[in-house]
Amino acid sequence: MSTELVTMNIGPIHPSTHGVFRMRVTFDGETIIDAEPIIGYLHRGSEKLAEERTYTQIVTLTDRMDYTASMTNNQAYILSVEKLSGITPSDRGVWLRMIAAELQRIAAHSVAIGFLINDLGAWHTPLLYLLREREKILELFEMMCGARITNSYLRPGGVFMDAPDEFWPSLNKFLDDMPNRLDDIENLLTDNEIILARTQNVAILKKEDAINASITGPMLRASGVDWDLRHRNPYDYYEKISFRRPLGTVGDNNDRYLVRLHEIRESLKIVEQCLDLIEPGPVKPEEVPFLVRPPEGESYVPIEAPKGELGFYLVSDGGISPFRCHVRAPSLINLTLLRDMVIGYKIADLFVTFGSIDVNMGEVDR
Amino acid sequence: MGPIRESFIFEFLYCHLSLEASCSSVRILNIAFIPENLSWISFTLTAFFWIFVFINAALVGVLMLIWGERRLIGKFQARLGPNRWGPLGLFTPVADAIKVMFKEDIEPTLSDKLIYVLAPILMVVPVFMIFPVIPYGTKTFLTNISVGVVFVLAITSINSLSVLMAGWASGNRFAIIGGIRAVAMLLSYEIPMGISAAGVVIVAGSLSLSEVVNNQVIPNAIFQPLGFITFLIASTAELNRSPFDITEAESELVAGYMTDYSSMKFGLFYLGEFMATIASSAIIVTFYFSGWRGPSFIPSEIWFLAKWIGVIAIFIWFRATFPRLRIDQIMSLAWKGLFELSLINVLVLALMIAIWPDPSGIQLLIMTLINWVVFFLSIYIFGKILSPNLTGNKITKRSVVYGLD
Amino acid sequence: MTKVLSGSEIEDILSSSFNNQIESLGNDYVQISNEKSLDLFNYLKIEQKYELLSSVTSVDRISHFEVVYHLTSLQKNESLVIKINCGEGRIDPKVKSVISVWRGAELQEREIYDLMGIMFEGHPNMKRLLLWENFEGHPLRKDFVS
C-alpha cells in the first residue's frame with residue numbers, strides 16, 4: 001500500500017544527529033525512500049586558518065576537528081609535519097604518543113558504542129557506563145598534558161612533556177580494570193535479543209561498495225576487509241607491536257558494533273606492549289626548532305584514526321606556515337554511502353545506521 | 001447506593017455526615033448533622049471530598065514516581081540522580097512542576113487549535129477515573145462497579161485517542177508520525193491485553209475488581225504465568241514505556257506526538273503518562289498479585305502499597321535496561337506472539353475451569369502446575385520456532401573474525 | 001609498510017598505454033592531462049588494482065589550480081599520487097569528475113568545488129557542500145590577502 005510521501009528535515013537540532021548534522025529524508029509511511037545529508041553547520045574553516053598559523057600552532061586546530069579523538073588528530077598531523085621537514089622523533093616521544101593514541105581510540109570507540117546504543121533507544125544506561133570508562137581515560141590525559149579533550153599534546157619530534165610518575169600506576173590500574181568493564185558491557189549488550197533484532201541485517205555494506213566509496217576504518221573492517229593502517233602501513237613503532245584485527249562477517253550494524261568493541265580490547269593489549277617497550281629518555285629531540293620551517297614539498301601520511309584513515313596533506317612553500325593544509329576526514333567520506341545504506345529500511349534504522357557509521361561533526365565540517 | 005455502601009471509606013465519611021438510621025452503628029464520633037431526608041447532600045459532600053482526596057493523591061503519587069524513577073534510574077546508571085532539592089532530592093519534581101507552569105505557552109501556527117488544547121486534557125482525565133474503582137484494601141475502595149475489569153480496560157485505551165489528536169493537531173511531521181505509530185501500536189496491544197484479562201475473569205468468575213481479588217487464592221502471576229507475561233508486556237506497550245516507547249522515541253522523533261507542546265500542556269502529557277504508569281501498576285497488582293491479599297499481621301493497604309511499588313519498580317527497570325524495538329517488530333510481536341499466547345492461556349484456563357468449576361486446594365495446585373507446563377512449552381515453541389520470523393530477520397549470535405597475518 | 005611509488009615508478013605503470021598523457025614527473029607524483037583522465041583512472045583501478053581512492057584534494061598554485069589524487073592498492077599495499085592541472089590561469093578551472101570510477105569522490109569533489117571553486121564535469125550533484133548556496137567566492141583560494 002503506497003501512501004503520500006512525507007519529506008522531513010531531521011536536524012540540525014535533533015537528539016540523535018551527534019551534533020549539527022541535517023538529513024532531508026523522504027518517507028513512504030515508515031520506510032525511507034530518499035535521504036540526503038546536508039552538512040556545514042560546524043564549518044570553521046580550519047584548513048584556511050592553518051595557512052595563517054605556524055606549524056606548531058596548527059596542532060591546536062587539529063584538536064578541534066574530531067573532538068572525541070584529539071590525540072589521533074595530533075598524531076596524523078605531526079607525522080605529516082615530520083615527514084615534510086625530515087624530523088626524526090625521539091623514542092620515548094613516539095611511545096608516549098602511541099600510548100596516548102591507543103587510549104584515545106578506546107575513548108572514541110566507547111563514545112561510538114555508547115551513542116549507537118542510545119540511538120537504539122536504550123535510555124542512556126550503556127552510554128553512561130561507557131562514558132564512565134572514558135572519563136578515566138580523560139583523567140589520564142589530564143595527567144599527561146593538563147588537558148582532557150583538546151589535548152595538543154604532540155609536537156614535531158615527539159610530545160611536549162613527559163608523563164608524570166603518578167601516571168604509570170594509574171594507567172596500570174586502568175588497564176587491569178577495563179577488561180572487566182568491557183565484559184560487563186558485553187553481558188549487557190552483545191547477546192541482547194532486542195539489539196540483535198534491531199542491528200542484524202540492517203544497512204548491509206558490501207566489501208566492494210565500501211572500498212569503492214573510500215570507506216575506511218572500523219566500518220571497512222566490519223565489511224570484512226582486512227585493512228588497518230597500523231598493520232599494513234605501520235607508522236610510528238607499530239611494527240614492534242603485535243595485535244589482532246577484528247573483522248566483521250556480514251557488514252551490518254551489528255558487525256560495526258562488534259568490531260569497535262573488539263578493537264577496544266586490542267587497543268588495551270597495544271598499550272600494555274607499549275608499556276613494556278618504553279624506556280626513559282628525552283621526549284623530544286633537542287635540535288627541533290620551535291619554528292619548524294620545512295623545505296618546499298608536500299607530504300601525506302595516513303594513519304588509522306578511530307573513525308578511519310586520517311591524513312593531513314601538507315604543501316610547503318618553505319615558509320613558517322603551510323601553503324596548503326588539507327584534511328582527509330574519515331567522518332566526511334564515510335558518510336558517502338549513508339543514502340544507499342538506509343534506503344528501504346525503517347525510520348528507526350536511519351538513526352542506528354547513522355550512529356554505527358560514527359561520524360563526528362567537528363571532523364565532517366572542519 | 002448498594003455497591004457504594006460496601007466501600008468502607010465512603011460509608012465512614014457518609015455516616016459521620018448523615019443522620020440515616022442504618023449509619024448509627026458505623027459512626028465512631030457522634031457528629032452527624034444532616035437529616036435523613038437530605039441524604040443527597042451528605043452523599044454529594046462525601047463524594048466531592050473523596051474526589052478531592054483521590055485527585056490530589058494521584059498528583060502527589062506522580063511527583064513521588066517522577067522522583068523515584070529518576071532516583072532509581074540514577075542508581076541503574078551509576079550516577080546519583082536528583083539530590084539537590086530537599087532531603088534526597090525529594091522536592092525536585094515539585095520544582096519541575098513549578099517551572100513547567102511558568103514556561104511560555106506556545107501554540108504553533110499550523111496547529112488545529114481546539115484539538116491541540118483538548119488532547120492533553122484527554123490524556124489526563126481518564127486516568128483519574130481508574131483510581132476510584134481499584135480495591136486498595138479489604139474494604140478500602142471508593143466504588144465497586146460490577147464491570148470493573150471492562151471499565152478499567154476501556155478507560156486505559158482512551159489515551160491512544162489523545163495521542164492521535166495531539167499528533168494530528170500539532171501540524172508537525174514528527175508529531176504525526178508519533179501519533180500514527182501510537183494508534184497502530186496501542187490498538188494492537190489492546191487485544192492481547194484484553195484476552196489476558198479474560199483469563200483473570202475466568203478464574204475470578206466475576207468482572208468486579210473486588211471479586212477478582214477475593215477469588216485469587218493463588219496470585220494469578222503464579223497461577224497463570226502466561227497470562228501475566230502477556231499482560232505485563234501489553235501494558236508496557238500501552239504505557240508507551242521502553243522498550244515500546246516508539247511514539248515518543250527520543251532518538252528518532254525528538255519527542256514524538258508532544259514535540260510541539262510546551263508549558264503546562266506538555267506538563268499534562270507528562271502527568272498523564274506517569275499517572276497511567278501508576279494506574280496500570282495498580283491494575284496489575286489487582287489482576288495478578290492478588291491485590292491487597294497477604295498475611296493479616298500487616299494491614300491489607302500496606303500489602304497493596306508494597307506490591308504496587310514493586311510493580312512500578314519493574315517498569316522502571318525495563319526502562320533502564322531495554323533498547324527500543326522497531327515498529328514492525330513491535331507489530332509482529334503483538335500479532336504473531338502475544339495474541340496467540342494470550343489465546344492459549346484463555347483456552348487452557350477455560351478448559352480447566354470447565355472440568356473443575358469449583359476447584360479445591362489440591363485441584364488449584366494441579367491447575368497451576370498445568371499452567372506452568374503450558375507456559376514453558378508455549379514460550380519455548382514461540383521462542384525457538386517463531387522468534388526468527390517474529391522480528392523480521394534471522395537472528396544469530398555472532399562474533400568477529402580476526403585478520404590473518 | 002605501504003610502498004609509496006616514486007614518480008618514475010608511476011610512469012612505468014602508465015607508460016604502456018598512457019604515455020602521451022603524462023605531462024610531467026615529480027619526485028613522488030605524476031601530473032597527467034585532463035583529457036581522457038577517466039580512462040587512465042579506470043586503468044589504474046581495474047588493471048592495476050588501485051581500488052581505494054584515499055583522498056582527493058586541490059591546491060591553489062596561484063598560476064593555476066591543481067587537483068591531487070591519492071590512490072591506494074589494498075592488494076599490493078602500494079600508494080601513488082596523481083595530479084591534474086586544471087589549465088593555465090585562474091578563471092573557470094575544470095576537471096573531469098572521477099565519481100564514475102570511485103564513488104568515494106562524491107563528497108570530496110563537492111567540497112573542493114565549494115572551497116576552491118573547481119568544477120567537476122560529470123558530477124551528478126555539483127552543489128556547495130559546507131557553505132551556503134549564495135556564498136560569494138571560494139574561501140580556500142589565495143584571493144584573500146592575509
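Start by selecting B:A78, which you will find in the loop between α3 (39-76) and α4 (92-101) of chain B. You are looking at a predicted model, so treat each stop as a feature of that prediction. B:A78 is not a glycine, yet its phi is positive, at about 60 degrees. For context, most residues other than glycine have a negative phi. Is B:A78 buried or exposed? It counts as exposed, because it has 11 C-beta neighbours inside 10 Å.

Stay in this loop and move along to B:L88, which also sits between α3 and α4 of chain B. Here again a residue other than glycine has a positive phi, near 55 degrees. B:L88 has 13 other C-beta atoms within 10 Å and is partly exposed.

One more backbone stop in chain B: select B:S242 and B:P243. The peptide bond joining them is cis, with omega about 5 degrees. Most peptide bonds are trans. B:P243 lies in the loop between α11 (225-238) and α12 of chain B.

**Chain B meets chain A**

Now show chains A and B together. Of the two pairs of chains in contact, this one shares the most contacts. On the chain B side, 34 residues are in contact with 42 residues of chain A. To see where they come from, colour α12 (250-253), α14 (300-321), α15 (327-355) and β1 (401-402) of chain B, the elements that each give two or more residues to that side. By class, the chain B side has 14 nonpolar, nine polar and eleven charged residues.

Zoom in on β1(B). It pairs with strand β6 (residues 246-247) of chain A in the antiparallel sense, over two bridges. Select A:P246 and you will find B:Y402 of β1(B) standing opposite.

**Chain C meets chain A**

Bring in chain C next. Here 25 residues of chain C are in contact with 30 residues of chain A. Two or more residues on the chain C side come from each of β4 (52-60), β5 (64-73) and α3 (105-116) of chain C. Which element gives the largest share of that side? It is β4(C), with six residues. The classes on the chain C side are 13 nonpolar, nine polar and three charged.

Now hide chain A for a moment. Chains B and C do not touch, and their nearest C-alpha atoms are 13 Å apart.

**Chain A as a whole**

Among contacts between residues at least 6 apart in sequence, 70% join residues at least 24 apart.

**The nonpolar core**

For the last stop, show every chain and select A:L350, B:A166, B:F231, B:M275, B:I284 and C:I118. Of the 263 residues in the largest nonpolar core, these touch the most other members. Helix α4 (residues 91-119) of chain A gives the largest share, 17 residues. In chain B, domain 1 (8-47) and domain 2 (103-323) both contribute, so the core lies between them. The C-alpha centres of these two domains of chain B are 34 Å apart.

Finish on A:L350. Leaving aside neighbours within four places in sequence, A:L350 is in contact with A:V25, A:I32, A:A35, A:V342 and A:Y345.

Notes. Residues are numbered from 1 along each chain as its sequence is written. Chains are lettered from A and ligands numbered from 1 in the order in which they are written. This is a predicted model: local features need pLDDT of at least 70, side-chain atom pairs count only at pLDDT 80 or more; totals for chains, interfaces and linings use all residues. A nonpolar core is a set of buried Ala, Val, Leu, Ile, Met, Phe, Trp, Tyr and Cys residues joined through C-beta atoms within 7 Å. A residue is buried if 20 or more other C-beta atoms lie within 10 Å of its own, exposed if 12 or fewer, and partly exposed in between; C-beta atoms are placed from the backbone. Helices (H or I, at least four residues) and strands (E, at least two) are DSSP runs, numbered from the N terminus. Domain bounds come from an automatic or database domain assignment. Two residues are in contact if their C-beta atoms, placed from the backbone, lie within 7 Å. Ala, Val, Leu, Ile, Met, Phe, Trp, Tyr, Cys and Pro count as nonpolar, Asp, Glu, Lys and Arg as charged, and the others, Gly among them, as polar. Two strands pair if DSSP finds at least two bridges between them.
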